[in-house]
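Please open the structure in a viewer and keep the selection tool at hand.

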Amino acid sequence: MNFEIDEQQRDFAASIDAALGAADVPAAVRAWAAGDTAPGRKVWSQLTDLGVTALLVAEKYDGIDAHPVDLVVAAERLGYWAVPGPVTESIAVAPILLADGERSAGLASGDLIATVALPPQVPYAVDAEFAGLVLVAGDGTIQDGQAGAVHDSVDPARKLFEVTATGTDQPADTQRAYEFGVLATAAQLVGAGQAMLDQSVSYAKQRTQFGRVIGSYQAIKHKLADVHIAVELARPLVYGAALSLAEGSPETARDVSAAKVAAADAALLAARSALQTHGAIGFTQEHDLSLLLLRVQALRSAWGDPTLHRRRVLEGLS
């Protein structure tokens, strides 16, 4: 099976990279963590211009009604650049929950950014203070919600809010929305892993030790090669999960969970290797690598931790 993306999808990814590469996303992430969301809102505005916020919205609400693979392409690049805000929730989950609701048009236009709590797997809503819409999803229903107490995350740029349902129940495909949430999170982890690998390779070509560039040492080469292999093995699983979702496969839960586990493991390996390659400087607040290190730790447990997803894979195989 060929998991290569087509030329249009490669161009889409390149356009996201070009926009975010010029947007100083690390500064926006740091400002977000400090409570200033204005730079982050500008980043989200660029995502809207590129059509990212409209990917899963139906065409009748001015959306793109894109294939799940297109979502993976976008989410991986957003993970690569560590875009702040409720990326998974607003871009991947809310469009499924709202489906034929008129508020979907607000998601597509970028006028409405949503966050979601879906207990028990997702007990808190990320960045509810930033979102214009808070949704609480249950067993086949959704309600509007109100943000309550805030909890710090391991990633300062991802604040977690308790939410209380305030609206009336509305029917929604919450199970499918959950799978999309897991898929988008897995794709972001792959992107973050790739970003840390790229930074490590670049740094290994510059840093010297004992009179030699550290990238010339076999141990470093092998360590970075292991990360490359892990990321490249996780990526097709994520694309495969997207195809399962698109086809409504009975193995969707298994495939999505397998993608999340592989992506989380690859990103964690990338984080450890990046920190070892950079040394202590990599974990200082001034170094951009630290933003990715913290983001990976947060996303590993977001939308179900590895233990939950390994259990789902086992159940799917039994």
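Two strands pair if DSSP finds at least two bridges between them; strands (E, at least two residues) and helices (H or I, at least four) are DSSP runs, numbered from the N terminus. The model is predicted, so local features need pLDDT of at least 70 and side-chain atom pairs count only at pLDDT 80 or more, while totals for chains, interfaces and linings use all residues. Residues are numbered from 1 along each chain as its sequence is written, and side-chain values use heavy atoms, with hydrogens and water left out.

**First stop: the strands**

Select strand E4 (residues 141-151) together with E5; they pair in the antiparallel sense over five bridges. Within this pairing, glutamine 146 has threonine 164 in E5 as its bridge partner.

**Second stop: helix H10**

Now select H10, where 11 of the 13 residues are buried (buried means under 20% relative accessible area, with a 1.4 Å probe and protein chains only). Among the buried residues are Leu289, Arg295 and Leu299. Display helix H2 (25-33), helix H9 (252-278) and helix H11 (306-317) as well, for they are included in what covers the buried residues of H10 (contact means heavy atoms within 4.5 Å). Just after H10, tryptophan 303 takes a positive phi of about 60°.

**Third stop: the cavities**

A cavity is a set of points on a 1 Å grid over the protein atoms alone where a 1.4 Å probe fits but cannot get out; lining residues have an atom within 4 Å of a point. Grid points are joined across faces, edges and corners, and a volume is the space filled by probe spheres set on the points.

How many cavities of 30 Å³ or more does the structure hold? There are two. Of its 14 lining residues, select Gly85, Val87, Arg158, Gln188 and Leu299, the closest to its centre. Helix H5 (87-98), helix H7 (174-204) and helix H10 (289-301) each supply at least two residues of this lining, and H5 gives the largest share, three residues.

The second largest cavity holds about 40 Å³ of space. Helix H4 (68-80) and H5 are the elements that give two or more residues to its lining. Finish by selecting some of the residues that line this second largest cavity, including Val52, Leu71, Val87, Ile91 and Ala184.

Key: 1 Å grid on protein atoms, 1.4 Å probe; cavity = no way out; pocket = protein on both sides within 12 Å on 5 of 7 lines; lining within 4 Å. Buried < 20%, exposed > 50% of the residue type's maximum accessible area, 1.4 Å probe, protein only.
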